[in-house]
Each structure stands twice: as structure tokens, then as C-alpha cells.
Amino acid sequence: MAGENGPNRRGSARRSTDRNTRYATHVPVLRECVSALNASEERPIHVVEHGMGLGSTPFFHSLRHVKGITSFERELEWMWCADCASGSKQDHTMILLKDDNAVEQAKQGISDPQRTVALVDGFASQRVKVLEVWMQLGVEFIVEHDADVLKLGEVKVRRRLAQANGYVALQYTDRDPESVLFARGVMPPVTGSYQTF
């Protein structure tokens, strides 16, 4: 790991300098989490995302047996869903997440935490608050994107949150070095190389 102010680099994988290449690198990790919950018609899952995206939001809409999608977004210009605009029948709630009440708002849409997959990929000032709320609620799997650029102090905060709330955390080191997976209880079967976060 780099110095106190350096990025959280792990493994030998290089982060692409092309933003369009890396905007959806968290999707394979999310796919593993969804698969681990074995969604079915009788046992649907819920997905929540902090920060709507060009990769995650369409991916969530592509899933079968999802009870609903809840998207939290700080930037009004990102609160748009191409799938919804194209007539998707998927239940999708979009909430403008304000800094001053992000904690209360982030609780919305999580009725069954053990059947929920979450993505943290939104505005930096809200990330730790949202992570903490979702961990306290017991969301089964939480993926944080862009974790490879966190400073050591930011990594330590996340380690403390994970430990205090009973989570194990892994950072991928080969195909998805930007992704950290927080799992409560049992880690899903994961592919690729990773290290303890």
C-alpha cells in the first residue's frame, strides 16, 4: 500500500486511464453477489445503489427476480434511467440524496437486508455515511467502487466500520482492482485474485 496520502493500490493490475473502460468494472463483483443470494420468484432480492451509473443501473434492470431497485443520487443530472425511459416495468425508485440528511434517506428501500445487494459509487462526501447506515442495517453484500484511490486514512475508517458491524472485506487485485466487497457473514464464491481489505 502506498503512503498515508497515496492511493490504495493492491496487486499488480493497472487501473485504466480511460474512464469509459473502468466505469463498469464493479459489475462482475455485483453479479457474484446477486448469484450468491439465489434470487427466485419465491425469494426475490432488492438492489440499492448510491450513485446511479452507466454500468450499474442497466445491470440492475437486467436482473430477474428483483423486487425493486432503489437508486440514491446527489447530482440531479444523473437522476435519469434509460431503462425506465424505455418502458421497463421494473420497480425503480430514484431518491435525491442530500448531504444533510443522507443517513435517514439511505435507509429507504431496505426492507430485507439479508436479501439485498448494495453498491456505493456516489458522491465522496456521502460514501462513509451510506456505508455505515447499510452496515448497521445488515445489508448482506455491499460493493464499493473506486476503492483503489482511497487514502490510507479512508481505508482505516472502512476497516473499522466493517469490523464493528461484522463484515469481512476483500479488495480485488486483478480484474477489478477498483472494487471492495463487504460481506456480512459468509463471503460469496468469488473469482479472480483478491486480498483482505
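In which sense do β6 and β8 pair, and over how many bridges? The two strands run antiparallel to each other, and 3 bridges join them. The legends below describe close-up views of a predicted model.

**View 1. The whole protein, a predicted model of 197 residues.** Its secondary structure consists of 7 helices and 8 strands. Buried residues account for 49% of the 197 residues. Among contacts with a separation of 6 or more, 66% are between residues 24 or more positions apart. The exposed surface comes to about 9,500 Å², and 49% of it is supplied by carbon and sulfur atoms.

**View 2. An open sheet of 8 strands.** The strands lie in the order β3-β2-β1-β4-β5-β7-β6-β8, and their pairing is mixed. The edges are formed by β3 (92–96) and β8 (194–196); each has a single partner strand, so one side of each lacks a neighbour in the sheet. On average, neighbouring strands of this sheet are turned by 20° against each other, direction ignored.

**View 3. The pairing of β1 with β4.** Strand β1 covers residues 45–50 and strand β4 covers residues 116–120. They pair in the parallel sense, with 5 bridges between them. Within this pair, V47 stands opposite V117 of β4. In a regular strand, side chains alternate between the two faces of the sheet.

**View 4. Strand β6 and its two partners, β7 and β8.** Strand β6 spans residues 167–172 and is mostly covered, with 5 of its 6 residues buried. To strand β7 (residues 180–184) it is joined by 5 bridges, and these two strands run antiparallel.

**View 5. Helix α2 and its cover.** Helix α2 runs over residues 27–36, and its buried residues are V27, V29, L30, E32, C33 and V34. Several elements cover these buried residues, including the strands β1, β4, β5 (141–144), β6 and β7. Helix α3 is also part of this cover. Just after α2 comes N38, which takes a positive phi of about 50°.

**View 6. Residue P58 in helix α3.** Helix α3 comprises residues 56–62. P58 is partly exposed because its relative accessibility is 34%, between the limits of 20% and 50%. Leaving aside residues up to four places away in sequence, P58 touches G53 and D83. P58 and C81 are 23 residues apart in sequence, and their C-alpha atoms are 8.0 Å apart in space.

**View 7. Helix α7, its length and its buried residues.** Helix α7 has 13 residues (residues 152–164). At 1.5 Å a residue it should span 18 Å, and its end C-alpha atoms are 18 Å apart, so the two values agree. The buried residues of α7 are L152, V155, R158, L161 and A162. Their cover includes α6 (124–137), together with the strands β5, β6 and β7. After α7 comes G166, with a positive phi near 75°.

Technical notes:
Residues numbered from 1 in each chain as written. Predicted model: local features only at pLDDT ≥ 70, side-chain atom pairs only at ≥ 80, totals over all residues. Heavy atoms only, no water. Pairing = 2+ DSSP bridges. Helix = DSSP H or I, 4+ residues; strand = E, 2+ residues; numbered from the N terminus. Axes fitted to C-alpha atoms, helices over the stretch in contact; angles between N-to-C directions. Buried < 20%, exposed > 50% of the residue type's maximum accessible area, 1.4 Å probe, protein only. Contact = heavy atoms within 4.5 Å. Expected span 1.5 Å × (residues − 1). Areas by Shrake-Rupley, 256 points an atom, 1.4 Å probe, with all protein chains shown as cover.
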